[in-house]
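Please consult the sequence and the structure shown below.

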Amino acid sequence: MRKPLLLLAVAALVPGPLHSQTAPGKPVDWTALATESQRVLSDYLKINTTNPPGNEILAANFLKAILEREGIVVQLYDSAELGSGHVNLYARIKGNGTKKAIALVNHMDVVPATPSFWSVDPFGGIVKDGYIWGRGAIDMKGEAVAHLMAMIALKRSGVPLNRDIVFIANSDEEFTSTGALAFVKNHADLLKDVEYIITEATENSVKNGKVDYFSVGVAEKRTFWQRLTVKGVPSHGSRPTKQNPVPRLVRALNRIAEFETPLHVTPGVEKFFRDISRLYPEPRRSWLADVKKAIENPQAREWILSDVYWNAYLRNTISLTGMTGSGKTNVIPPEATADIDVRLLPDTDPAQMLATLKGIVADTAVHFTTLLEPKTPLESPTDTDLFRAIERAARDREPNAFVTTPMQTGATDRPTYRKLGIVTYAIDPFKTEQAERQRGVHGNDERLSVENVIFGVRYVYDILRYAQ
Ligand SMILES: [Zn+2]
């Protein structure tokens with residue numbers, strides 16, 4: 001069904017009827033779906049899944065009832081293994097199987113909220129001043145509703161699907177991340193035909209209601225936490241000795257603190273800087289357009305690294321964080337320890353990094369213990385059908401915006417799924433100003449604008465449709 005190019009270009013600017021024209025199926029009543037989605041989110045926010053303890057079974061039963069009303073079969077899994085009210089939810093709508101499935105993955109738990117710091121009840125599901133307020137409105141019950149209602153809209157519209165669409169709601173992402181781990185360990189069979197996962201952990205760049213760029217998270221740093229231990233001989237602080245472990249540890253830490261890790265440009269990061277270069281005047285534009293060259297130029301390098309995010313995108317990082325020595329000022333302790341937060345780029349070999357650290361410290365009395373083994377490296381490719389579908393859906397909404405790939409500097413559940421070879425993308429379905437997002441997520445007065453609810457549902461819907 002080829003259409004003249006001009007007509008397509010015009011149609012792409014008009015969100016509404018395009019979808020019913022390009023594929024058979026019943027048109028979606030977006031106005032009604034907006035009201036319905038808003039009500040679903042408001043009700044979802046009333047379910048208190050603060051983790052710990054989580055109690056995600058309440059959320060799972062809520063989602064299950066909604067999905068089953070649509071004739072979608074739902075399974076609840078892993079309750080015995082996860083214990084005390086935790087459960088994982090799984091549902092799927094069938095395509096014709098000519099292409100592999102796309103899974104929408106979200107978590108049902110939320111971080112604690114302190115009601116005295118909020119201007120509304122964090123579990124009231126209150127709609128006020130154009131916003132839906134509540135813990136989880138953004139992270140990530142709002143996004144879960146975008147997944148849920150997009151899938152339901154596809155089912156209702158009867159649009160022919162080449163791919164199955166899978167919906168997975170995990171327990172316990174915010175506290176110990178056991179939900180995704182248990183699901184992947186126990187249900188690899190349910191994921192074996194899944195080609196792509198869409199989940200959280202990135203932010204669109206929105207300024208004054210206008211999107212500069214839509215983000216697709218393709219890569220994340222890997223935590224490789226270390227504890228340094230020095231043993232000594234305990235004695236009284238009034239009589240200094242050479243066997244005090246504290247100065248020896250301090251010497252080691254000083255060497256680490258002065259060490260500058262080399263700069264290294266990974267594929268997603270190179271693309272990110274190239275893409276955003278258009279937002280800057282010269283000479284910054286040229287610097288960002290070729291970041292590999294720019295980091296050789298002292299002036300460009302200094303400017304780029306002055307941004308704490310960009311600095312972390314471009315190198316392995318080390319932060320000295322925790323230290324212990326004596327609990328008493330007058331006692332030389334038998335042992336001193338320090339914890340360091342090491343974060344690796346996706347293509348760094350952890351063993352190589354550990355050898356580098358030991359070389360810098362150059363003292364065999366300092367023992368290294370790995371506190372947290374790094375997860376599977378995460379660097380998903382961008383040359384895929386799904387990435388192109390996201391670009392198309394983004395262009396529909398903001399013809400002047402672009403899609404790019406910032407690195408995630410924190411750790412998420414994505415590598416747990418990536419381990420199975422699934423291409424894993426983080427998308428942010430909403431147009432949320434950065435300040436609003438930063439205040440609300442894990443903070444106070446978390447809220448999502450009413451328009452954003454249906455914006456998110458339609459964005460996910462279009463991505464899923466275009467990826468067929
Ligand atoms: Zn989250």
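## Basis and terms

A helix crossing is left-handed if the near helix is turned anticlockwise from the far one by less than a right angle, and right-handed if clockwise. Helices (H or I, at least four residues) and strands (E, at least two) are DSSP runs numbered from the N terminus.

The model is predicted: local features need pLDDT of at least 70, side-chain atom pairs count only at pLDDT 80 or more, and totals for chains, interfaces and linings use all residues. Residues are numbered from 1 along each chain as its sequence is written.

## The sheet

An open antiparallel sheet is formed by 3 strands in the order β4-β5-β21. Its edge strands, β4 (127–128) and β21 (447–449), each pair on one side only; pairing requires at least two DSSP bridges between two strands.

Strand β5 (residues 131–133) runs antiparallel to β4 and is joined to β4 by 2 bridges. Val127 stands opposite Ile132 in β5.

Helix α19 (residues 450–466) lies across β4, β5 and β21, at about 75 degrees to β21. Axes are lines fitted to C-alpha atoms, for helices over the stretch in contact, with angles from 0 to 180 degrees between N-to-C directions.

The axes of α19 and helix α16 (residues 385–397) come within 8 Å and cross at roughly 135 degrees. The two helices, α16 and α19, are therefore oblique to each other; angles under 35 degrees count as roughly parallel, over 145 as roughly antiparallel, 65 to 115 as roughly perpendicular and the rest as oblique. The crossing of α16 and α19 is right-handed.

In α16, Ala389, Ile390, Arg392, Ala393, Asp396 and Arg397 meet Tyr459, Asp462, Ile463 and Tyr466 of α19, contact meaning C-beta atoms, placed from the backbone, within 7 Å. By class, the contact of α16 with α19 has 6 nonpolar, no polar and 4 charged residues; Ala, Val, Leu, Ile, Met, Phe, Trp, Tyr, Cys and Pro count as nonpolar, Asp, Glu, Lys and Arg as charged, and the others, Gly among them, as polar.

Definitions and conventions: Two residues are in contact if their C-beta atoms, placed from the backbone, lie within 7 Å.
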